[in-house]
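Good morning, and thank you for making time for this presentation. Please have the sequence and the model open as we go through them together.

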Amino acid sequence: MNREKTPTEANDNMLVRASQGRGRAKVTHAVVVIFLEFFAWGLLTTPMLTVLRETFPQHTFLMNGLVHGVKGFLSFLSAPLIGALSDIWGRKSFLLMTVFFTCAPIPFMRISPWWYFALISVSGIFAVTFSVIFAYVADITEEHERSTAYGLVSATFAASLVTSPAIGAYLSAQYGDSLVVLLATVIAVLDIAFVFFVVPESLPDKMRLTSWGFPISWEQADPFASLRRVGKDSTVLLICVTVFLSYLPEAGQYSSFFLYLKQVIEFSPAAIAAFIAMVGILSIVAQTLFLSVLMRTIGNKNTVLLGLGFQLFQLAWYGFGSEPWMMWAAGTVAAMSSITFPAVSALVSHCAAPDQQGVAQGMITGIRGLCNGLGPALYGFIFFLFNVELNDVSHVAGRPPQHKEKAMIPGPPFLFGACAVFFALIVAFFIPDDHRLVAAKTCSTRKSSSASTAHAQSASPLATPTSDAEDIEPLLQDSSM
């Protein structure tokens, strides 16, 4: 005879079914986390430009570059340690930590601008959400699915910026910056709550350490370890130099370009929001449609060269362009240049041996992290060096605008970036197409002489081979095996 379930048993069953329904980690979880975080920051595009101008009326570009430069360099220093710890104790706790500290400065924009910029700089220690998200995705996808999943996460970043700046600019014009900051804060809290209550752990229990006393080796936490590995292989060296020369101007551009549009080219907040939306939509199309077609037709290396060519043209146009229509036209080229990094990632995956995927990708991540620190500071210094200041272009209240003569090179940092990308294009020409066979042969030789070490690794994911201890990248090491 079937007895009726008590309310307690019914509730327990409902909790079990709910936990089973959300207990499996999916790429969707990573997509939602990234979308909410950058949507919140996208809302603040217009208020942030206003606060930046009011807080640093003198040397604004220089201070903007220093703030973002400190944040980027701290992220570069902390990313390997956070990655190593997430390999041991799981992704969810560190994903919660990175999202919280990345979004923590948002409410301080209205509370205290000085605290806001101070917290942005310091938050770089934990502002490595993308790195943890990529490790999360690596845990739950097969190798043949990983590039598609990474592309989806990257496209989500662009999608989050399609509408949020426009929404923020409209709300700021209608109701003031305080409402925009409040809305961004609410979305950030929702993101943190989503991670805490909904996002499941991606790292299997058997691969996580239950004790908090496990020591982390310096090789795992050393941020310069990946950079020291660059010179061990000529092909990887060429790829890393290409990434450094191309991503350095991109990181600097990302930190200062919207401020440049507003203060030098004199874009309105609505125009900036529309510009971001246009570039975001075209970038999504480029990364999801054109990238796959180009990879199949012209190959990895030629796609990288094409992307670098678009980036060179875009930066040169930004550097010499002095009219709004030039920025709009160059923005369409910028969207096409967004194929460069996904193509580089695919090229690295193709060139590296199967057991060196994490090492190679870790080198690229280290280079990009270093650029995130150097690029903004370098752009800010070049703006300062060429006397591009806000007091040269801002209007004094109560006086009619004074039309100044346009400089021959309105954006010197962008021209410097174009030169860097030109050298990246030259270096990329020398990247060989058939490096994988050589790497595979070297790999097989090494495997045959270190079978016991490989067996120890398979028994414990935390074990590090004595001969290749320095070649382990903890954040990007595949934990799904």
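First, the basis of the values. This is a predicted model, in which local features need pLDDT of at least 70 and side-chain atom pairs count only at pLDDT 80 or more, while totals for chains, interfaces and linings use all residues. Residues are numbered from 1 along each chain as its sequence is written, and side-chain values use heavy atoms, with hydrogens and water left out.

The chain holds 21 helices and 0 strands; these are DSSP runs numbered from the N terminus, helices being H or I of at least four residues and strands E of at least two. Of its 481 residues, 49% are buried, where buried means under 20% relative accessible area, exposed over 50% and partly exposed in between, with a 1.4 Å probe and protein chains only. The accessible surface comes to about 22800 Å², and carbon and sulfur atoms contribute 67% of that, by the Shrake-Rupley method with a 1.4 Å probe. Taking contacts (heavy atoms within 4.5 Å) with a separation of 6 or more, 85% join residues 24 or more positions apart.

Now to the helix pair. The axes of H3 (residues 45-55) and H7 (residues 113-122) come within 10 Å and cross at roughly 110 degrees. Axes here are lines fitted to C-alpha atoms over the stretch in contact, with angles from 0 to 180 degrees between N-to-C directions. H3 is therefore roughly perpendicular to H7, a term covering 65 to 115 degrees, with under 35 roughly parallel, over 145 roughly antiparallel and the rest oblique. On the H3 side, Met48, Val51, Leu52 and Thr55 meet Pro113, Trp114, Tyr116 and Phe117 of H7.

What of the cysteines? Cys103 is buried at 4% relative accessibility, and Cys371 is buried at 0%. The count of disulfides, taken as pairs of cysteine sulfur atoms within 2.5 Å, is 0.

Finally, two residues. Glu266 lies in the loop between H13 (234-263) and H14 (269-297). Its phi is near 65 degrees, a positive value in a residue other than glycine, and Glu266 is partly exposed, with a relative accessible area of 48%. Gln314, in H15 (residues 299-320), is by contrast buried, at 3% relative accessibility. Beyond its neighbours within four places in sequence, Gln314 contacts Gln253, Ala330, Val333, Ala334 and Ser337.
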